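This report describes how parts of one protein chain pack together. Please keep the sequence and the 3D structure in view while reading.

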Amino acid sequence: MTTDEVLAGVGPRLRQMRKEREVTLAALSETTGISVSTLSRLESGLRKPSLELLLPIARAHQVALDELVGTPSAGDPRVRSKPIEMFGRTHWPLTRQPGGLQAYKVLEPQRRQEPEPRTHEGYEWLYVLSGRLRLVLGEHDVVLTAGEAAEFDTRVPHWFGSTGEGPVEFLSLFGPQGERMHVRARPKRS
């Protein structure tokens with residue numbers, strides 16, 4: 001199945017899921033923060049689905065993103081990588097090929113650290129699974145919570161870690177190239 005075929009099936013799947021749950025567009029809009037017109041265009045196929053739109057909808061319906069997208073089964077789905085300890089964090093590699101895009105599930109223990117922003121080539125995308133992740137990115141200092149994502153050019157000075165309030169579990173995608181997926185930033189608190 002091609003990417004275009006998968007994306008073409010998202011709209012009807014979204015409509016069917018919403019109707020099965022007896023949720024109105026207005027109620028879904030209120031829950032997700034996505035306008036009624038955007039939701040309607042997504043369901044009718046007039047708006048191309050994006051991660052920024054699908055993540056809050058998946059959260060609202062309490063389903064995995066795969067269920068919304070309807071990705072075809074790829075055989076044995078088990079990932080059999082051993083965890084790697086680096087910089088006090090536990091990383092589970094989710095990709096197996098060197099170079100290109102690298103994906104990790106990361107567990108950062110509860111600890112307070114002084115941020116030491118660094119720069120390097122590439123792009124990074126973070127998605128918080130549980131806990132609270134502090135992200136220092138240039139002039140921004142934000143806390144991401146479960147279900148929130150951030151994407152950034154790693155040439156911007158950056159640092160991320162635990163807020164010190166508990167452990168945080170997140171996904172990290174890093175690659176030499178990237179597309180903007182979802183950015184959440186607010187001014188640094190005074």
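## Packing around helix α5

The buried residues of α5 pack against α2, α3 (25-32), α4 (36-44), α6 (65-69) and β4 (123-130). The model is a predicted one. The buried residues in question are Leu53, Leu54, Leu55, Pro56, Ile57, Ala58 and His61. Just after α5, glutamine 62 has a positive phi of about 55°.

For orientation, the protein chain contains six helices and nine strands. It has 190 residues, of which 37% count as buried. Among the contacts in the protein chain with a separation of 6 or more, 63% are between residues 24 or more positions apart.

## Helix α2 and its partners

How do the axes of α2 and α5 cross? Helix α2 covers residues 10-20 and helix α5 covers residues 51-61; their axes come within 11 Å and cross at roughly 25°. Angles under 35 degrees count as roughly parallel, and α2 and α5 are therefore roughly parallel to each other. Their crossing is left-handed. On the α2 side the contact is made by Val10, Leu14, Met17 and Arg18, and on the α5 side by Leu54, Ile57 and His61. By class, these residues of the contact of α2 with α5 are five nonpolar, one polar and one charged.

Helix α2 also packs with α4, at an angle of about 115° and with the axes 6 Å apart. Here Gly11, Pro12, Leu14, Arg15 and Arg18 in α2 meet Ser40, Leu42, Glu43 and Ser44 in α4. The contact of α2 with α4 has three nonpolar, three polar and three charged residues.

Two residues of α2 can be followed individually. Methionine 17 is located in helix α2. Is methionine 17 buried or exposed? Its relative accessible area is 5%, and the cut-off for buried is under 20%, so methionine 17 is buried. If neighbours within four places in sequence are left aside, methionine 17 is in contact with His61, Val63, Glu67 and Leu68. One of these contacts can be given as a distance: methionine 17 and histidine 61 are 44 residues apart in sequence, and their C-alpha atoms are 8.0 Å apart in space.

Proline 12 is also placed in helix α2. With a relative accessible area of 48%, proline 12 is partly exposed. Proline 12 and serine 44 are separated by 32 residues in sequence and by 6.9 Å in space, C-alpha to C-alpha. Both residues belong to the contact of α2 with α4.

The loop between α2 and α3 holds glutamate 22. Its phi is near 55°, a positive value in a residue other than glycine. Glutamate 22 has 73% relative accessibility and so counts as exposed.

Histidine 91 is part of strand β2, which covers residues 89-93. With 9% relative accessibility, histidine 91 counts as buried. Residues up to four places away in sequence not counted, histidine 91 touches Lys82, Pro83, Ile84, Met86, Tyr104, Lys105 and Val106.

The table lists the relative accessible area of the residues treated one by one above.

| Residue | Relative accessible area | Class |
|---|---|---|
| Methionine 17 | 5% | buried |
| Histidine 91 | 9% | buried |
| Proline 12 | 48% | partly exposed |
| Glutamate 22 | 73% | exposed |

## Aromatic pairs

A pair of aromatic rings is described by the distance of the centres and the angle of the planes. How many aromatic pairs does a search of the whole structure find? It finds two. Tryptophan 125 and tyrosine 127 are both buried.

In the other pair, the rings of phenylalanine 160 and phenylalanine 170 have their centres 5.7 Å apart and their planes at 90°, so the pair is edge-to-face. This pair links distant parts of the chain, 10 residues apart: phenylalanine 160 is in strand β8 (residues 158-162) and phenylalanine 170 is in strand β9 (residues 168-175). Phenylalanine 160 is buried, as is phenylalanine 170.

Conventions:
Residues numbered from 1 in each chain as written. Predicted model: local features only at pLDDT ≥ 70, side-chain atom pairs only at ≥ 80, totals over all residues. Heavy atoms only, no water. Axes fitted to C-alpha atoms, helices over the stretch in contact; angles between N-to-C directions. Helix = DSSP H or I, 4+ residues; strand = E, 2+ residues; numbered from the N terminus. Parallel < 35°, antiparallel > 145°, perpendicular 65-115°, else oblique. Left-handed = near helix turned anticlockwise from the far one by under 90°. Contact = heavy atoms within 4.5 Å. Nonpolar A, V, L, I, M, F, W, Y, C, P; charged D, E, K, R; others polar. Phe/Tyr/Trp six-rings, centres within 6.5 Å; stacked < 30°, edge-to-face > 60°. Buried < 20%, exposed > 50% of the residue type's maximum accessible area, 1.4 Å probe, protein only.
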